[in-house]
Structures are given as C-alpha cells and as structure tokens.
Amino acid sequence: MKILVVDDVGYSRHFQTRMLQKAGHASIGAGSGAEALRILRTDHSIDVVLTDLMMPDMDGIDLCKAVMQMEHVNDDGPVNPPIFILMTALHPGRNALPRDVERIAPAKEVGFVDVLFKPIEIESLA
C-alpha cells in the first residue's frame, strides 16, 4: 500500500513515514496541503492520505475536499480517489476548545474514513 503523509511538522511527518515503511508500506511525505495536491495530481498510485488537520496553507479538511473534486484516472481509465485519514492533536474534552472540535466534525462528511489523535500509537498508524 502506498501512503502519503501530510504534516507541516517535519519531525511528525518523518516519524509517521518511517513507521509506515517499517510496517511494510511505501510512504512519502508532504509538508503542506499545496505540496500534497501537487503530488496527488500526478501520482494516482497513492492508496491512502494520512493528513494533519491544522496546517498553515490548507487544512486537512480542505485538502480532502480538493482531492475529492479532482479527476482520478491513470492509463487504464478512472481510478478511485485515495482513502483519507485525519490526524490531529485536538482531543475533544481534553485540550481542545469547542470551536476547534467543530473543525473535526465535518471530517466524515467530506470523505475521511477515520480520525487518529496525536500522539499516534505505532499500532494504530500501522
């Protein structure tokens, strides 16, 4: 499985990418939503996008929306868009303000299959 890890924090991105590789997945990283879009426009072999919620230029929700609106084709014809998993350090009821938790709410509506809370356990990531 090929996984794109999108996180503006270099250490987190590197850690997640390395853990996925150790679990046997091909993984690459992007430091921003814009960089992820550039990759996803040309690489239709990516199966999963693991993206951070809060990033400076484009948050994870907006990234998912943009990708879902793109045409997904390869040499053989139409392909399914990648699966999206959201990751965030905002823990409802623990360290997040209600307005921040509201940013997580639309995740499932726009196409995310899961939400992982940081720090992400290695078993959950794999």
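# Strands, cores and a cavity

F84 stands opposite F112 in strand β7. The model is predicted, so local features need pLDDT of at least 70 and side-chain atom pairs count only at pLDDT 80 or more, while totals for chains, interfaces and linings use all residues. Residues are numbered from 1 along each chain as its sequence is written, and side-chain values use heavy atoms, without hydrogens and water.

**Exercise A.** Find the strands that pair with β6, and state how much of β6 is buried.

*Solution.* Step one: locate β6, a strand (a DSSP run of E, at least two residues), at residues 83–88. Step two: look for pairing (at least two DSSP bridges between two strands). Strand β3, residues 48–52, pairs with β6 in the parallel sense over 5 bridges, and V49 has F84 as its bridge partner there. Strand β7, residues 112–117, is also paired with β6 in the parallel sense, over 5 bridges. Step three: count the buried residues (under 20% relative accessible area, 1.4 Å probe, protein chains only). In β6 this gives 5 of 6 residues, so the strand is mostly covered.

**Exercise B.** Describe how β1 is enclosed and which strand it pairs with.

*Solution.* Step one: 4 of the 5 residues of β1 are buried, so the rest of the structure largely encloses this strand. Step two: β1 pairs with strand β2, residues 26–30, in the parallel sense over 5 bridges. Step three: the bridge partner of V6 in β2 is A30.

**Exercise C.** Name the residues that touch the most other members of the largest nonpolar core, and the elements that contribute to this core.

*Solution.* Step one: a nonpolar core joins buried Ala, Val, Leu, Ile, Met, Phe, Trp, Tyr and Cys residues through side-chain atoms within 4.5 Å. Step two: the largest core has 25 residues, and L4, V6, V49, L63 and F112 touch the most other members. Step three: β1 (2–6), α2 (33–42), α3 (60–69), β6, α5 (107–110) and β7 each give two or more residues to it; here a helix is a DSSP run of H or I, at least four residues. Step four: a second, separate core has 11 residues, including V5, V48, L50 and M87.

**Exercise D.** State the volume of the largest cavity and classify its lining.

*Solution.* Step one: a cavity is a set of points on a 1 Å grid where a 1.4 Å probe fits but cannot get out, and lining residues have an atom within 4 Å of a point. Step two: the volume of the largest cavity is about 60 Å³. Step three: the lining residues are L40, D43, H44, I46, M70, H72, V79, N80 and P82. Step four: by class, 5 are nonpolar, 3 polar and 1 charged.

Notes
Buried < 20%, exposed > 50% of the residue type's maximum accessible area, 1.4 Å probe, protein only. 1 Å grid on protein atoms, 1.4 Å probe; cavity = no way out; pocket = protein on both sides within 12 Å on 5 of 7 lines; lining within 4 Å. Points joined across faces, edges and corners; volume = space filled by probe spheres on them. Nonpolar A, V, L, I, M, F, W, Y, C, P; charged D, E, K, R; others polar.
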